[in-house]
Amino acid sequence: MTDSQEAHLQREAHPLTLKDALRTSFEKLIRHQIIEQTNIRSIIPIQSSLSSLSRKRALLDEKHQLVRSSAIATASDLDDLRHEKELAFWNRQNIDVDRISIFHQRNRAGSISNENIVADNNAGGQSSTMGNHHQSQQISTLTPLQFKQQYLYTNMPCIINNLPFTTMTNQWTYALPDGSKTINTKWFLENVGSDTTVPIRINPDQEVIESPEERNDDKMDIETDICVDGESSEENSLEETECQTQECQTTKLTMKDWITNRYTMNPTKYYLKDWHLQCLFQEKSLYTAPSIFKDVLNPFLLDNEGGDYRFVYWGCKGSRTGVHSDVLNSFSWSMNIIGRKKWTFYRNKSDSNINKISREYIELIQNEGEMMYVPSGWTHKVENMEETISINHNWVMIGTLDKVFACLSSEIGAIEKEMEEWGFAQNDGIQEHELNRTREDMLRGCVGMDTSTFCILVINCCADCLIALLLCNERFEFEKSSAGETNCTSSSLDEVWEKWFDATCSLKVLGKLLGTIRNYEHQEVEARTAPRINLQGRLNSTLGNNTASDAVKLMQIIHHLGNQMIQDNS
Ligand SMILES: O=C(O)CCC(=O)C(=O)O
């Protein structure tokens, strides 16, 4: 391929910022003396760099009760643990989710100095409609790490209240004399602009059916609707339902027209949703996302691709989102600024196919000011019980990059099948290159991300994790030498544990990605079982051969160094 052909392909595939992201990772690793580079093509790992991490995980285990009790010793336990927890959740006699309160203590300067988290396990009865709820209430106080271990890493839903969330959003409503809140439409007209258009989702025509067992719902995803074909079931329990994809329509209205006409529009049909409101305000932040959720997806996309998964939803009473699980196997959090939502979570029949759900379900009410945390892969539908405005983010943390990879891999398989059915085949080098480009374009079209973007995201995460581990270990060693080992604060131990965990998780996904490259000689067990996605060909087709080989080389070096570090410390 000529240089100009390659330049053309690259321009179309990605903005150059993806190349910049790779370069940034290179430079960071060099700056922190993890690798050295004599020229652009020769990167050399610095073997001694990570072996200075003398903190042993065994010591952490010994000092840290939580690590043992939560059974999250290594990232490889994680998938089994998630399954186990989900099974236990659905097999509980009285199904409900925990309600979490987060209290922040502030220092004099006003920044958060301490985070206290209280979990009201099985607080139910108040708002869940399943189960008898006669169990006694159990209140536990959690550290941020315990919260992550009990809900985020293990993929368990919960409702969070007391989050100090508001910045600009407190201007979206005002109080009426009776103390209730109402929407401040003036704010939207003045700050968004009365002629600015907003996206209105049009739900396919459907009967409004109240009970899930009789339903014929729609599944709405970021790009598509999935319809669940309800079959009647005698037992209303483990009957399987199949889903089919269906196109979804979006129209646009001006802000002024939406505000004026929203009460006269059919709410089961029209819903202002997937609105990238924060993007309109660019640097000016409308709210601060909770620090407890360490999102690696949106910051990366915003820096490198220009898109994001940060939405505002505004729907009248009765508006709803049909049965779905979230895009890219992401998590979501949903914060009700005003109004109430009814959430229905369904038990998944099998993790490998989100379209198969059982008829077991749980209904939960999310009140005003509360945040729903939706774990990755959990099938759900949502209905607004009154006029509701919520902020919803889809997000990914390092510990669930493996789930994003699983989603991409299964989508890749589906696209491959489709291409075969269309009769696409490769005959020569150029055609293979173009086929790979088509594969990547289709993947981006289907799930909003291709393998090249994912690859650079993982490289970025791994680089950041290794550097964070180095820095945090240095701090810990300093604290230990000045205060003595026994006086090390548990929060610094938590921090080291978390950095180890993140580093292990990101390296594991990197291993899986490398396993998709033929003849990669350092294949670990997880890498050998990875699907054949022809990563090298895909990277070549979207990043150009030179950048693609730099990326692969960097991946191999990070994988090699990282695995050595983990083995040294196990
Ligand atoms: O609030 C809604 O209508 C849908 C929210 C949702 O499905 C989510 O945040 O995952």
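Predicted model: local features only at pLDDT ≥ 70, side-chain atom pairs only at ≥ 80, totals over all residues.
## Overall make-up

The protein has 570 residues, and buried residues account for 54% of them. Its secondary structure consists of 18 helices and 22 strands.

The accessible surface amounts to about 25000 Å². Carbon and sulfur atoms contribute 47% of that surface. Taking the contacts between residues at least 6 apart in sequence, 75% are between residues at least 24 apart.

## Helices α2 and α11

Two packed helices are described by the angle between their axes and the distance between the axes. Helix α2 covers residues 17-31, and helix α11 covers residues 297-304. Their axes come within 8 Å and cross at roughly 120 degrees. Because of this angle, α2 counts as oblique to α11; the range for roughly perpendicular runs from 65 to 115 degrees.

On the α2 side, the contact is formed by Thr17, Leu18 and Ala21. On the α11 side, Phe300, Asp303 and Asn304 take part. Sorted by class, the residues of this contact are 3 nonpolar, 2 polar and 1 charged.

## Lys148 in helix α7

Lys148 lies in helix α7, which spans residues 144-152. Is Lys148 buried or exposed? Its relative accessibility is 7%, so Lys148 counts as buried, the cut-off for buried being under 20%.

Which residues does Lys148 touch, not counting those up to four places away in sequence? They are Tyr153, Thr154, Ile292 and Glu498. With Glu498 there is also a polar contact: the two side chains are joined at 2.5 Å.

## Thr260 in helix α9

Thr260 belongs to helix α9, made up of residues 255-261. The relative accessible area of Thr260 is 57%, and therefore this residue is exposed, as the cut-off for exposed is over 50%.

## Summary of the two residues

Note on methods. Residues numbered from 1 in each chain as written. Heavy atoms only, no water. Axes fitted to C-alpha atoms, helices over the stretch in contact; angles between N-to-C directions. Helix = DSSP H or I, 4+ residues; strand = E, 2+ residues; numbered from the N terminus. Parallel < 35°, antiparallel > 145°, perpendicular 65-115°, else oblique. Contact = heavy atoms within 4.5 Å. Nonpolar A, V, L, I, M, F, W, Y, C, P; charged D, E, K, R; others polar. Buried < 20%, exposed > 50% of the residue type's maximum accessible area, 1.4 Å probe, protein only. Polar contact = N/O pair within 3.5 Å; in protein donor to acceptor, adjacent residues only side chain to side chain. Areas by Shrake-Rupley, 256 points an atom, 1.4 Å probe, with all protein chains shown as cover.
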